[in-house]
Amino acid sequence: MDNALYVGLSRQMTLRRQLDIVANNIANANTTGFKTEDLMVRTEQAKPAKTLDGASPVKFVLDDRVARDFTQGAMTKTGGDFDVAIEGTGFFHVQTAAGDRYTRDGRFTTNPEGQLVTQEGAQVLDDGGGPLLIDPTLGPVSIGKDGTVSQGAVRVGRLGVVRPDDLASMAKDGDNLYRNTANTTLQAAPDARVHQGMLESSNVQPVVEITKLIEIQRAYEGVAKMMDNTAELSRSAVERLGKLN
Amino acid sequence: MQALRTAASGMSAQQLNVEVISNNIANMNTVGFKRQRAEFQDLLYQQVERAGSQSSSNGNIVPTGVQVGGGVKAGSVYRITEQGTPTLTDNPLDVAIQGKGYLQVLLPSGETAYTRAGNFSTNDQGQIVTEDGYTVQPGITVPQNTTDITISKTGLVQVKLDGQPQPQTIGQLQLATFMNEGGLEQIGDNLLLETAASGAATLAAPGEPGFGVLMQHYTEASNVDAVTEITSLITAQRAYEMNSKVITTADQMLQATSQLRS
């Protein structure tokens, strides 16, 4: 009989985790380059519960994976010289203190040494893995569709835009950065196009997220009701069976 | 419940967003003002390991290990140094910078500040000063019997004196550029200060390679675009409301649990 309570509890736990993920999506509705996530659950076959008439199957629900939606986010014009957005699959390659990281957040700037860096100061790497040096005396910077950075007639280098063989190997690391968890190195992404003066908006769809919120809440309340009914059933059973005629 | 904290982080981020947008709108008509943008970053992710789970690719939606994000934080508020429109004022001491560079201003503390606001005038001694009375560097004094002032594109300041047909050169304005303009610190009054992040100033006459040119009789308008700002304001407000909706939902779910009969 308690199985119903435990199965209900397993569903409530996944619903709470899903709420955490939806909350994170909504909190990041305005975060540059953010990719929406959702929780995938699976059924977990448990050991058959012993009842009076023999074994009957019990299936729990378990949070299994996070589905990350890499759909292109909308392009927002900012007009910043060092603001770049990627159209297509690919990541900018940056060097942080913790090692190689990848990002779709192209809000770059220069440091006092003239190197192209992220807003946190992590070096943005070119296609060869080296830094990009901007000389302020050479005039305005233009970044071509293929990522080529130039100042007037001088070619500075080319932004490294890379992609993994399997997007599933990219783990989020916070600060809009991704970490590569696979052993393979990332390959150049020649078909990804770079747009200067633009940023990629978050691909969170507010309507979808709010709908999910309602669904989660109703499902949670439904399970709570079911658990309530089950508890009520045992209580009344004990009362009736214990009654002396 | 983590969702409560996550949504709270979202609300404070959107509040900052509204503050930045309102500052932009308030400075829509400020000479030489550069609009700012608040940018956000996701917080650390909590890895919830699940052994033996399978991976399969299906279009754009990619399954990964269970990672639960902790919300959002303000990444940076940065200036967009896009050129503002030159506005004709007909004041002979107004200069707009077309291109890169900042004019230098001497603060009472002895420090040098940098500005794009070239709406200058003269003080009682004839020195060229900003609206707040700070002298423009290098110091230029306009003689009393001046009939006409010309500031060339390259920053040469010449005056025509009463009774003299030949113009006299009284000074040369300079522009300062920085490795990282974004690193300059804003101190109000349209002034910026050099910091370690910006790098040292490089001085040169306007029109040199990498430096802008001056336009006399013009001031540089603020580069705030009202339509964009109002749109961002609406987006920020809706995002704030959605985060508060998450809090309501989390609260009602907790209530459903606490109301379970034991």
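This is a predicted model: local features need pLDDT of at least 70, side-chain atom pairs count only at pLDDT 80 or more; totals for chains, interfaces and linings use all residues.
So, helix H1 of chain A against helix H1 of chain B: Leu19(A), Asp20(A), Ala23(A), Asn24(A), Ile26(A) and Ala27(A) meet Gln2(B), Ala3(B), Thr6(B), Ala7(B), Ser9(B), Gly10(B) and Ala13(B). Contact here is when the C-beta atoms of two residues, placed from the backbone, lie within 7 Å.

Residues are numbered from 1 along each chain as its sequence is written, and chains are lettered from A and ligands numbered from 1 in the order in which they are written.

How do H1(A) and H1(B) pack? Their axes are 8 Å apart, at an angle of about 5°. Axes are lines fitted to C-alpha atoms, for helices over the stretch in contact, and angles run from 0 to 180 degrees between N-to-C directions. So H1(A) is roughly parallel to H1(B); the cut-offs are under 35 degrees for roughly parallel, over 145 for roughly antiparallel, 65 to 115 for roughly perpendicular, and oblique for the rest.

Now the whole contact: 58 residues from chain A and 65 from chain B. On the chain A side, the largest share comes from H2(A), with 11 residues. By class, that side has 25 nonpolar, 19 polar and 14 charged residues. Nonpolar means Ala, Val, Leu, Ile, Met, Phe, Trp, Tyr, Cys and Pro, charged means Asp, Glu, Lys and Arg, and the others, Gly among them, are polar.

On to the strands of chain A. S10(A), residues 141-143, and S11(A), residues 148-151, run antiparallel, joined by three bridges; strands pair if DSSP finds at least two bridges between them. Val141(A) has Gln151(A) as its bridge partner, and Gly147(A), in the turn of this hairpin, has a positive phi of about 90°. S11(A) also pairs antiparallel with S12(A), residues 154-158, over four bridges. There, Gln151(A) stands opposite Val154(A).

Last one, chain B: an open, antiparallel sheet of three strands, in the order S13-S14-S15. S13(B) and S15(B) are at the edges with a single partner strand each, so each has one side without a neighbour in the sheet. S14(B) and S15(B) are joined by four bridges, and Val159(B) has Gln168(B) as its bridge partner.

How values were computed:
Helices (H or I, at least four residues) and strands (E, at least two) are DSSP runs, numbered from the N terminus.
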